[in-house]
Amino acid sequence: MPDMTDVTQSPQAGQSEQDENLDKATAGLTDGHGGEHAVAVAAAHGVETMFTLSGAHVFPMYDGAVNAEPQMRLLDVRHEQTAVFAAEALGKLTRTPGLAVLTAGPGVTNGVSAITQASFSGSPLVVVGGRAPANRWGMGSLQEFDHPAVLSPVTKSSRTVHQVADIPSSVDEAFALAGSSHRGPTFLDIPMDEFFNRAAVERPTPAPRRRVEPDPDALSEIGALLGQAQRPVIVLGTDVWADGAEEAALRLVEQAGIPAITNGMGRGVVPGGHPLLMTKARSAALGTCDLVVVVGTPLDFRLGYGVFGGKDGAPQAKVVHVADSEGQVSQHADLAASAAGDLTLALEGIQAALEQQLRKPDWASWVGELQAAVGAATERDIALLRAEADPIHPARIYGELLPRLAEDAVVIGDGGDFVSFAGKYVEPKRPGGWLDPGPYGCLGAGLGAAIAARIARPASQVVLLLGDGAAGMSLMDVDTLVRHKLPVVMVVGNNSAWGLEKQPMQMLYGYDVVADLAPQTRYDEVVRALGGGGETVTDPRQIGAALDRAFTADVPYLVNVITDVDAPYPRNTFGV
Ligand SMILES: Cc1ncc(C[n+]2csc(CCOP(=O)(O)OP(=O)(O)O)c2C)c(N)n1
Ligand SMILES: [Mg+2]
């Protein structure tokens, strides 16, 4: 048990104290304990839900939530990583920083992977940690640990708030920083004694978001490069959505007629089935283009480290990087031009600059070439999407799922090969409906993301695609879905293996170890035991009906599809 003896008890409010409070209120001060202040400021930043797992160090946050007007929703989970993954995903979906509250010591350290994931993905997130009391620091009280030192490499700011009176301004700063470009997690911890203490302080009002103007000369240069290009491609990534630039991006693509590829939360910015969406012809587009304009995503392993062209004897392509902030512009790639700042302003500026070019580019034959490649890839996909194979080919699951997905569905991937297939086949019709773990690739993010998706989009389908390995990392949080009445559809691609690792190990060594899981585990029974529903499917013709039952169930429902371990995703890189 944490040492509570040093906690300042709140005095009974008497008449004279009420008068005093009135005086303070007229002076712009609000009286409250640390948790009340923190919750009020978080609420002013748009937070409606706090994700947490109980611990006495953070009780003031719960009391603050309960006493707030309106109350803040407390969403309690079964593992802190789920709390942080949920807060991260809510931040991604709503574009308002999510809030996770973790108790001191192991509560905070259990959240470290998820905080790191948010850092890699540029997700707006605030994590508030408990902390052993200041007046006992160094004496060995329970869970006395200096968290900011651990979290500073993976956060935009990481610090201890030493006085209750500093809580409102510190929480305000944490939210402002997390939600401004380039977005990411912020962390603060509050010593328990100060958390329970009271103070009459001013609660800051959130400042309006500042839009950084990109350099107009840089935008003109990019417009000129596009005007000269014969075979351009534009890549739209997560920050296009995060920065609210999805409409400007689609306008540029459509008005200029540029072939587009989307990734991360940029998926859906150019809707699935759009004639300029070339994701299915990715390799031809990025391999034979002469100019790539990459917007809102780093030039990392997912984009060949920023080297494009060169396929089938094509020359190397010029590369332009447009990022939401200076620090995000690639340092390693050989860039023909770059721009940094608000992405709507950047995309509009590029469009205006392109329209001013004397020569109107004619990309019709390039677009036609890529559309033919998309058509051929779509044809090739059909055979696998309809595969009758026994054991089931994982692609068949998508063949059944795709026609059942609504336009506003939220699709979440958590797994290896099974999720790579999703990336190949699921083309969202709207932006903001696709959640993957991003470049940190942390298995176990799925349940948290599903909880967040159900909260953010109460009326939409929420589909969580799980590898069987990934499922084992967070399935206990189905209990959270059940307790909080959050029905989602889970589909496990159950190949009884850590498939994405098994195949490469076979390739490299001719054998594999530590890659097998127990055969045909009944993950659906786990969900049923926790109060949800589910079933196992072994016949490809039964998948569709099982999905229909899942979509109409009003409880969390898991369809456990036994798939062929020998049908791995056809990849040619390991991400290194
Ligand atoms: C936390 C974490 N541990 C380990 C890995 C390495 N890893 C990446 S994919 C993968 C296999 C995933 O297996 P599963 O979820 O069953 O999906 P499958 O590839 O079999 O479809 C592993 C172990 C990781 N990315 N994250
Ligand atoms: Mg697997």
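Biologist: Why is Arg231 called partly exposed?

Modeller: Buried means under 20% relative accessible area, exposed means over 50%, and partly exposed is in between (1.4 Å probe, protein chains only). Arg231 comes out at 25%, so it lands in that middle band. Mind you, this is a predicted model: local features need pLDDT of at least 70, side-chain atom pairs count only at pLDDT 80 or more, totals for chains, interfaces and linings use all residues, and side-chain values use heavy atoms, leaving out hydrogens and water. Residues are numbered from 1 along each chain as its sequence is written, while chains are lettered from A and ligands numbered from 1 in the order in which they are written.

Biologist: How do you know that the side chains of Glu369 and Arg231 meet in a salt bridge?

Modeller: A salt bridge needs a side-chain nitrogen of Lys or Arg within 4 Å of a carboxyl oxygen of Asp or Glu. Here N to O is 2.9 Å, so the pair qualifies. Glu369 lies in helix α15 and Arg231 in the loop between α10 and β9, so the pair ties together parts 138 residues apart in sequence. Helices (H or I, at least four residues) and strands (E, at least two) are DSSP runs, numbered from the N terminus. Glu369 is partly exposed too, at 41%.

Biologist: What makes Arg251 and Glu348 a pair that links distant parts of the chain?

Modeller: They form a salt bridge, with the closest N and O atoms 3.0 Å apart. Arg251 sits in helix α12 and Glu348 in helix α14, 97 residues apart. Arg251 is partly exposed at 34%, and Glu348 is partly exposed at 34%.

Biologist: Is Asp300 buried or exposed, and why?

Modeller: Buried, because its relative accessible area is 13%. Its salt-bridge partner is Arg302, at 2.9 Å, N to O; Arg302 is partly exposed, at 21%. Elsewhere, salt bridges that share partners join Asp76, Arg78, Asp479 and Arg483 into one network. The structure holds 26 salt bridges.

Biologist: What polar contact does Glu501 have with ligand 1?

Modeller: One of its polar side-chain atoms lies 2.9 Å from a nitrogen atom of ligand 1. The definition asks for a pair of N or O atoms within 3.5 Å (within protein, one must be able to donate a hydrogen and the other to accept it, and residues adjacent in sequence count only if both atoms are side-chain atoms), so the contact counts.
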